[in-house]
Amino acid sequence: MENSMFCYQCEQTAGGKGCTKSGVCGKTPEIANLQDLLIYQLKGISSYAKPLIERGKSVDKEIVKFVENALFTTLTNVNFDAEVHVRLLKKSQKVKESLRAQAPEGQYPDAAAYNLSDTREMMLKDSVKAGIMYDQNLDADIRSLRSTILYGLKGISAYGHQARFLGYSNEQVDNIYFLGLEATTNDNLTLEDMIRMTMRVGDMAVQVMKTLDEANTSIYKDPSPHKVNVNIKKGPFIIVSGHDLKDLEMLLKQTEGKGINIYTHGEMLPANGYPELKKYKHLVGNFGSAWQNQQKEFDGIPGCILMTTNCMMRPRETYKDRIFSTGVVGWDGVKHIPVLKDGTKDFSEIIDKALELGGFKKDEDEKQILVGFGHHAALSHAEDIVGAVKKGEIRHFFLIGGCDGARPGRSYYTDFAKMVPKDCIILTLACGKYRFNKLDFGTVSGLPRLLDVGQCNDAYSAVRIATGLADAFETDVNSLPLTIVLSWYEQKAVADLLALLSLGIKGIYLGPSLPAFISPNVLQYLVDTFDIRPISTPEDDLSTSLKQAK
Ligand code: SF4
Ligand code: SF3
């Protein structure tokens, strides 16, 4: 059993069904099984926390933080270090014992009663019963909803972690970790109960994104349209990847005046739209494209890379000595920069290494793209937009966004964006935008046709834009000339999708393939209730969207 595993949480899962021998992402069976056991422990912890929450007590914030970080650690492409998992498992046992001592007498599931074994070998043996498929008699739809809830919570934990690092949190979101996880191990819940919990997780996904938006926009101010250079500049450099703006800010401060250029990468691109980050002159642009190209793009580069959140891939030997991780990200053998007791981080090692490597030898010609259309900037044009729609100058809006990934089917999103008629506006967010964000879409009615709303968590911003426009048109979001075309890969996209569904948004196109953890009945429910549409061809989906809007 030791060499087997089961994981189907992301879009690139083997054969579209599940990774069983090793992860397509690079996850070994050992890591996968330790992650299963960690989730099992979190479920046990949550079973003890739930009655406390129901009695109006709030769970110790250190425990909330632990559960949030542990969940985030198991998200796709975040942590591949077995030692880290063993440490988290040991801590989970202490947390469980402290909650067990406070919990009322009652019936608790096996995950609560279980006590962690002492050695890694024993933990791996125990992990068998923690696997998703262990209970073969479990109803397929309950299993499907348990997985959907768990993955939605993982997505929320990524955003929650980011907001908390900036000093922002939300009590309801803190509680949903426990209430949601408990639901995934509670045999008494019916399908209806599970659907209700799934929607509640969606609601909390909206709340956590709102909290993160408040954190980002209060600290770094509202994003505004900014041009970003996407070519390289001469000199030593550090590339910052992932979603965490605070890590970028700390690094910008520590590199000021040192002759080091800072580039954003992947999901960090929207940072260039925030006034309080853009003000640093040595933030010189964005390097490369979406996460799945990193092994090729980082190959042998004469500078350093800092991975702040997902998505990390197995580093090639040609850059393993110059890539660093921080936060919950980790890879066995990759240098990790920890957070210090006062909440700061010391980046001197990566700075010294970047200087030692010397950097790029010459400048490339500048090429610029535009970012920074968060809700504030986009809605400042609401009147013009409404006027242009009424005059017939703008026909339709498409929100094409979500995760990127390696599969060839993802060219759908490039083709779709290219085919969007010239009198339509494209909004985009998350790393899926790299499929088309360097193309020139021109303008319509004086506005850029491609508006970059931000990171995946800025789905909240997109919702604000949609509701703002709906108000201006005196209608609701589902009646707007708007089509949402979502690409998913990891569990933050699951949280984003549940968020949109919990807001009652209908007719979303979802691709490039459907999640393996969605059972046929659950899919049917989503189609019947929310008119979810698996993508077909760009031509057909585009023409359906434009026809329906008439
Ligand atoms: Fe497979 Fe995705 Fe799980 Fe990695 S995260 S093991 S690729 S399903
Ligand atoms: Fe991309 Fe990983 Fe999901 Fe924030 S960086 S969207 S895939």
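## Aromatic pairs

A search of the whole structure, which is a predicted model, finds 22 aromatic pairs. One of them joins F237 and Y263 in an edge-to-face arrangement, with 5.8 Å centre to centre and 85° between the planes. This pair links distant parts of the chain, since F237 belongs to strand β3 and Y263 to strand β4 (residues 261-264), 26 residues apart. Both F237 and Y263 are buried.

Another edge-to-face pair is formed by F398 and F416, whose rings are 5.5 Å apart centre to centre, with 70° between the planes. Here too distant parts of the chain are linked: F398 is in strand β11 (residues 396-402) and F416 is in helix α15 (residues 411-419), 18 residues apart. Are F398 and F416 buried or exposed? F398 has a relative accessible area of 0% and is therefore buried. F416 also has a relative accessible area of 0%, so F416 is buried.

## A ring cluster and a charge over a ring

Ring pairs connect F237, Y263, F287, F298, Y319 and F360 into a cluster. A ring can also face a charge in this model, as F165 shows: the charged end of K246 sits over the ring of F165, 4.6 Å from its centre.

Strand β6 covers residues 304-307. In a regular strand the side chains alternate between the two faces of the sheet. In β6, C304 and L306 point one way while I305 and M307 point the other way, and all are buried.

Which strands pair with β6? Strand β3 (residues 237-241) pairs with β6 in the parallel sense over four bridges, and V240 stands opposite L306. Strand β7 (residues 323-326) also pairs with β6 in the parallel sense, over three bridges, and in that pairing M307 stands opposite S325.

## A six-stranded open sheet

Six strands make up an open sheet with parallel pairing, in the order β15-β12-β11-β16-β17-β18. Which strands stand at the edges? They are β15 (450-454) and β18 (533-534); each has a single partner strand, so one side of each is left without a neighbour in the sheet.

Strand β16 (residues 482-487) and strand β17 (residues 509-511) pair in the parallel sense over three bridges. In this pairing V485 stands opposite Y509.

L251 is part of helix α9, which spans residues 245-255. Its relative accessibility is 0%, so L251 counts as buried. L251 and P338 are 87 residues apart along the chain, and their C-alpha atoms are separated by 13 Å.

## Surroundings of the two ligands

Ligand 1 has 13 residues around it, of which C7, C10, C19, C25 and T76 come nearest. By class, the shell around ligand 1 holds seven nonpolar, five polar and one charged residues.

Around ligand 2 are H243, E267, W291, N310, C311, C403, A430, C431, C456, Y489, E490 and K492. The shell around ligand 2 has seven nonpolar, two polar and three charged residues.

How values were computed. Residues are numbered from 1 along each chain as its sequence is written. Chains are lettered from A and ligands numbered from 1 in the order in which they are written. This is a predicted model: local features need pLDDT of at least 70, side-chain atom pairs count only at pLDDT 80 or more; totals for chains, interfaces and linings use all residues. Side-chain values use heavy atoms; hydrogens and water are left out. Buried means under 20% relative accessible area, exposed over 50%, partly exposed in between (1.4 Å probe, protein chains only). Helices (H or I, at least four residues) and strands (E, at least two) are DSSP runs, numbered from the N terminus. Two strands pair if DSSP finds at least two bridges between them. Rings of Phe, Tyr and Trp (its six-membered ring) pair if their centres lie within 6.5 Å; planes under 30 degrees apart count as stacked, over 60 as edge-to-face and the rest as tilted. A charge sits over a ring if NZ of Lys or CZ of Arg is within 6 Å of the ring centre and within 35 degrees of the ring normal. A residue is near a molecule or strand if one of its heavy atoms lies within 4 Å of it. Ala, Val, Leu, Ile, Met, Phe, Trp, Tyr, Cys and Pro count as nonpolar, Asp, Glu, Lys and Arg as charged, and the others, Gly among them, as polar.
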